[in-house]
Amino acid sequence: MIQTTLMKECQNGIVGETIKAVAEAEKIDPEKLCSLVAKGLVTIPKNANRDTLPTGIGKFMSTKINANIGTSRDYIDAEDEISKAKIAVKYGAGAIMDLSTGGDLDAIRKQILSEISVPVGTVPLYDAAATAPMVVEMTADDMFNAVRRHAEQGVDFVTVHAGINQNTVDKLMKAGRITDVVSRGGSFTVAWMSHNDAENPFYAEFDYLLEIAQEYDVTLSLGDGMRPGCIHDAADAPMFEEILVLGELVKRSREAFVQSFVEGPGHVPLDKIEMSVKFMKETCHDAPLYLLGPIVTDIAPGFDHITSAIGGSIAGAAGTDFLCMVSPSEHLALPTADDIKVGMQVAQIAAHATDLVKDGVKDRARERDNAMGLARKNLDWEMQYSLALDPEHARAVREARSSGSEACSMCGDLCAMKIVERELEKGRQKAARKIENVE
């Protein structure tokens, strides 16, 4: 059992090694970062029982990406999932979420925790459900025992759907949604409440949840069980009701010195993304915001890595701090290793596009883009490769289609920058000669 948490240390002005490491990575003053963590504006998920690579999420931090991996009851191969996690980290994932539901869940989780260096999150409710004959037959003790077991093992953050309560379910019953509940944890919670005619234990006994989180310094990811599962359901009463509850839980977490961030939707049309993000930020006291997508159209199965990147870029510009990678196989099948790679590549684009306009980050992000612009002007291909989000891919594409020209094979000798630079150089020389003649 630990005697303090990172948030409590920061409220006492203690700038420890974790704060220093994140401050160095983010190019921010350690004292300032310490203040942001103390206020709950930045979270650094790091279990006291695990040597996790510290990752800052929130205000003035670069936009982070989470990648979901995990077995299913239809496909159990822990080694394959760990391989996917390593691919995600290679391509920029700042966190990994283990959503395993099939196989020896404790063993799978322990292996992931031992082999992955970035923060690892879980949904303990999945584990609790696996121990019961049916989801609705879980007990409250099963739920809390699962949280404690994950915390003891070293999980850095846990998703808990504590924002679902009787009022939220009442709103759901009247909402006229097409997809009702698409969050797996949300569906477990709603089904359990309905079957047992009882309040959500994670909401009713939130203080006990905070005690467990305090003991292991586990960050709470306050889940969005009512996130819209299709465009029709976006920005409706159940979604907003849950956000209001999450705002209350953020305050209670901070009072208990427990770090938290808030999860958000979901499937949202372009014109409702900014409004939804700003409402969540305002209602949840500027807690770090973690979004799945948002996916901006429902008709692109096989391409939802792209629909989510579009939504993620808009959401990022509006204030989102943490994006969840969506693979091309979302809504279709368990992702392959290649799906994870492609999903991460596209998510990186959305995250960097966000950083280009994010306070405290944009100057650093734009240095890279400006350097790329200069390298393109100079036709410096090695520099372009080094600055690319995926240098190997950029090099492979050019080299496979190179015509031998120093320019790209699209333009060759008709390269716009070569033509203009040549003529501008002639103009500069002509101007210099005029000055010499006058002198």
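These are my notebook entries on a predicted model of one protein chain.

**Entry 1: overall form**

I started with the whole chain. I counted 19 helices and ten strands in its secondary structure. The radius of gyration is 24 Å, close to the 22 Å that the globule rule gives for 439 residues, so I noted the chain as being as compact as a globular protein of that length. Along the principal axes, the C-alpha atoms fill a box of roughly 90 × 50 × 40 Å.

I then looked up burial and surface. Of the 439 residues, 53% count as buried. The accessible surface comes to about 19,600 Å², and carbon and sulfur atoms hold 53% of that area. For contacts between residues at least 6 apart in sequence, I found that 73% join residues at least 24 apart.

**Entry 2: helix α2**

Next I took α2, residues 17–26, and listed its buried residues: Thr18, Ile19, Val22, Ala23 and Glu26. Down the axis of α2 they fall within an arc of 130°, so they line one face of the helix. In general, residues three or four places apart in an α-helix point the same way, because there are 3.6 residues a turn. The face turned away from the buried side carries Glu17, Glu24 and Ala25, which are exposed.

What do the buried residues of α2 pack against? I found α1 (6–11), α3 (30–39), β3 and α16 (362–377). After α2 comes Lys27, and I noted its positive phi, near 55°.

**Entry 3: helix α5**

I repeated the exercise on α5, residues 105–115. Its buried residues are Leu105, Ile108, Arg109, Ile112 and Leu113. They cover an arc of only 130° around the axis, which puts them on the same side of α5. Lys110 and Ser114 are exposed on the other side. The cover over the buried residues of α5 includes the strands β3 (64–69), β4 (95–98) and β5 (120–122). It also includes the helices α4 (78–90), α6 (124–130) and α7 (140–153).

**Entry 4: strands β5, β6 and β7**

From β5 I moved on to its pairing. β5 and β6 pair in the parallel sense over two bridges, and Thr122 stands opposite Val158 in β6. β6 and β7 also pair in the parallel sense, over four bridges. Here Thr159 stands opposite Ser221 in β7.

Are the faces of β6 (residues 157–160) covered or open? Both are covered: Phe157 and Thr159 are buried on one side, Val158 and Val160 on the other. In a regular strand, side chains alternate between the two faces of the sheet.

I then checked Ser221, which lies in β7 (residues 219–222). Ser221 counts as buried because its relative accessibility is 0%.

**Entry 5: cysteines**

Last, I looked for disulfides and found zero. Why does Cys34 form none? Its closest cysteine sulfur, in Cys10, is 3.4 Å away, and the cut-off for a disulfide is 2.5 Å, so the pair is too far apart for a bond. Cys34 counts as buried because its relative accessibility is 3%.

For Cys230, the closest cysteine sulfur is that of Cys324, at 19 Å, which is too far for a bond. Cys230 is buried as well, with a relative accessible area of 7%.

Definitions and conventions. Residues numbered from 1 in each chain as written. Predicted model: local features only at pLDDT ≥ 70, side-chain atom pairs only at ≥ 80, totals over all residues. Heavy atoms only, no water. Buried < 20%, exposed > 50% of the residue type's maximum accessible area, 1.4 Å probe, protein only. Arc of directions from axis to C-beta. Contact = heavy atoms within 4.5 Å. Rg over C-alpha atoms; globule rule 2.2 N^0.38 Å. Areas by Shrake-Rupley, 256 points an atom, 1.4 Å probe, with all protein chains shown as cover. Pairing = 2+ DSSP bridges.
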